[in-house]
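Colleague: Hi! Could you walk me through a few packing details of this one?
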Amino acid sequence: MKRLLIIFFLAVMAGNVFSQVIVPPETSFAPGSWYCFRTKIKLERQPRETELRLAADSKYWLWINGQLVVNEGGLKRGPNPKDTYCDVLATNDLPFDKGDNTVAVLVWYFGKDGFSHRNSPTPGIFFSLEADGQPCPVAADGWRTTVHPAFYVPKGEMPNFRLAESNIGFDAASDIPFMQASYDDHTWPVARQCSLKEAGWNGLVDRPIPFWKDFGLKPYAGTEQCGDTLKAFLPYNAQVTPYIRLLDAEAGRHIRILTDNYRGGSAPNVFAEYRTKKGRQEFECKGWMNGHCVYYILPKGVQVEAVLYRETGYDTRLAGSFVCDDPRLNILWGKAQRTLYLTMRDTYMDCPDRERAQWWGDVVNELGEAFYALDEQAHLLTRKGIRELMDWQRADSTIFAPVPAGNYHDELPMQMLASVGYYGFWTYYMGSGDRATIEYVFPKVKKYIHVWKTGDNQLVIPRKGGWTWGDWGENKDMDLLFNQWYIIALDGYARMADLLGEEGESEWARRRADTLRSVFHRTYWNGRFYLSPSHQGKPDDRAQALAVVSGTLPDSLYPVIRPFFAQTRHASPYMEKYVLEALCRMGYYQDAMNRMKLRYAEMIDSPLTTLWEGWGIGSKGYGGGTYNHAWGGGPLTILSQYVAGIAPLSPAFEDFSVAPHPANLNKIQCVVPLAGGREIRLDLDKSEKHCSIRIEVPKGCKAQFVPPAGFDCWTVEGKACKQFPKKLTPGVWDIKGLRCPTRP
């Protein structure tokens, strides 16, 4: 009997835990629907601390006592193929008062899958509140809910299938002030409750990244009336929610709102439509869009008083910088930083228009850029992405991207190798020092690494995956690329194994990588470059670059391969990063900067503030040619890490190198942000015979200084120093040098 009572008690408790999803009473839900939820919570005293846990499918807006507390909460599903993210607001400044409190939630239900979202069958909310450590029950009649009468899906071209979002229509005449505490909701249906499993939400995973940064409503940089279209110019490409205020209007007029980037990547993304009421009014679209210019298409019968925009985005500072005496390189670095920031939100994105999807070839480049461009908040998005990638691992041990995803399932084998290897997970660890994430994903990475096999010739057996993709563009030598990406993956895997004491795996990975390097070179080197017998096109600059950065090409052959990179340009902006890095690794820094300015010339000269997917846009580019693709930001990493020469030697930059390679540059100023608001700063000023360097080493760090080539007689803090100290301790180091007279 006692045992039965215990079982009954546990069952009741389980019901209390899992029957907490608040959903509309109907059972059929249309994509792009909007739902209102309201309840009252009575508190016996003013709370000192509160913890609110709130999840929704798919996005929500939260008001407490009429005050907007969360503007677009929730993250696209999901952390893994089954579960749902849950926001946590643990704070002492939520506007709850003693007595009755009104909670109102607006939910936007995507209702369809996308390349960055797995749909659940149920719109609704999970809501749990504690005040001073005690649970707070809702009113006796629970939650009430209704479809918001003003929102609708407008007629017209729908967003392409990659996007889970719908276009947003809003009928001002049907609006209701349901978020106000005084609003009467007694006619609304009572919401029903169901378990997380029944809702299709399954487990809840705490939100691992910050809420969005809201820059507030701002005036545009300028406006221009062109026929029925009011063009409102943004200062740069940004994630924005457009706003309009009308002095007067006739009822029932339709205002269409979209951006110049509506067909970004040759596929429609999102637009908004506002249906006017009579008189003075205002409207702000709740779904974000991006571009350089917002178009307000105005019908007759409306008088515009003002148009504004609200920029929102991932909550990180643009804390890094690179400035030199070549203004073209400065423009390129700045556009790379802007592009990186624009392609961050729920996940890293390839682009913020056509797909908004976490393709991992893009993420590998983005996460490396983030250490030089953004503060440490950015690395939380990398950690989220790493865990998602491996938590979506399939039963056959393969992994795929983009994830989260509801309507994409194909593996891109080379992108997956890039992700788990040196430039992916290991670069994240060296920049962040996040050992816990490496420990979490290592068993999953181990499974994936061992999916790959070598043949009797000891070379990689290519895996088709779902999409055998090497890069955009022509002349991809796929056999070379497969082998090189596997070598680089083995390198990162061996380092992770060393970190975690997995000696057997480390030895196996290094032995296999060494064998591959040797066999690869013996098999494919033709005396001038690498070429596989199966390749029918021109020799591939991507493959040569990977052979350099992987350590396959012997140092003695660097002068032999050098002319190849001056003559061959097939890589897309994605793979160009590795070409530029290969040139730097070989010591040809001026070659790298020359090639960088040549390849990116059109992007540098363009009035657009972001970098492109291909070397052209739209039909001129590959893959649809979006004009904001963060994988093109490789020059940012090259300039900060190799030209300024600031690179981690131990995790989290606790030990780092300062080895500037200015080549023909005479001035370099570089800031690398670290955790806790700390910064590494470099200020270099040189002429033909003189060079002065100022290095700021932050607290908790040590630096290893390597003088620029040709400068090896130094004065440090007024004292001559022929052999510079190996480690610079925290503080400011003023270093002055003279060219050695024995050198040409």
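Colleague: How do the axes of helix α5 and helix α8 cross?
Modeller: In this predicted model, the axes of α5 (residues 378-391) and α8 (residues 435-449) come within 10 Å and cross at roughly 20°. That makes α5 roughly parallel to α8, a label for angles under 35 degrees. Axes are lines fitted to C-alpha atoms over the stretch in contact, with angles from 0 to 180 degrees between N-to-C directions. Helices are DSSP runs of H or I with at least four residues, and strands are E runs of at least two, numbered from the N terminus.
Colleague: And which residues make the contact?
Modeller: From α5 they are Arg-383, Ile-386, Arg-387, Met-390 and Asp-391, and from α8 Ala-436, Thr-437, Tyr-440, Val-441, Lys-444 and Val-445. Contact means heavy atoms within 4.5 Å.
Colleague: Before we move on, what should I know about the conventions?
Modeller: Residues are numbered from 1 along each chain as its sequence is written, and side-chain values use heavy atoms, without hydrogens or water. As the model is predicted, local features need pLDDT of at least 70 and side-chain atom pairs count only at pLDDT 80 or more, while totals for chains, interfaces and linings use all residues.
Colleague: Thanks! New topic: how many aromatic pairs are there in the whole structure?
Modeller: The search finds 47. Rings of Phe, Tyr and Trp (its six-membered ring) pair if their centres lie within 6.5 Å; planes under 30 degrees apart are stacked, over 60 edge-to-face, and the rest tilted. One of the pairs is Phe-151 with Phe-170, which is edge-to-face because the planes are at 75°, with the centres 4.9 Å apart.
Colleague: Where in the chain do Phe-151 and Phe-170 sit?
Modeller: Phe-151 is in strand β11 (residues 151-152) and Phe-170 in strand β12 (residues 168-171), 19 residues apart.
Colleague: Are Phe-170 and Tyr-274 buried or exposed?
Modeller: Both are buried, which means under 20% relative accessible area (1.4 Å probe, protein chains only). Phe-170 is at 9%, and Phe-151 is buried too, at 11%.
Colleague: Last one: how many residues of helix α6 are buried?
Modeller: Eight of the eight in α6 (residues 413-420), so the helix is largely enclosed by the rest of the structure.
Colleague: What covers the buried residues of α6?
Modeller: The cover includes α4 (360-373), α5, α7 (422-432), α8, α9 (478-499) and α13 (573-585).

Notes: Angles under 35 degrees count as roughly parallel, over 145 as roughly antiparallel, 65 to 115 as roughly perpendicular and the rest as oblique. Buried means under 20% relative accessible area, exposed over 50%, partly exposed in between (1.4 Å probe, protein chains only).
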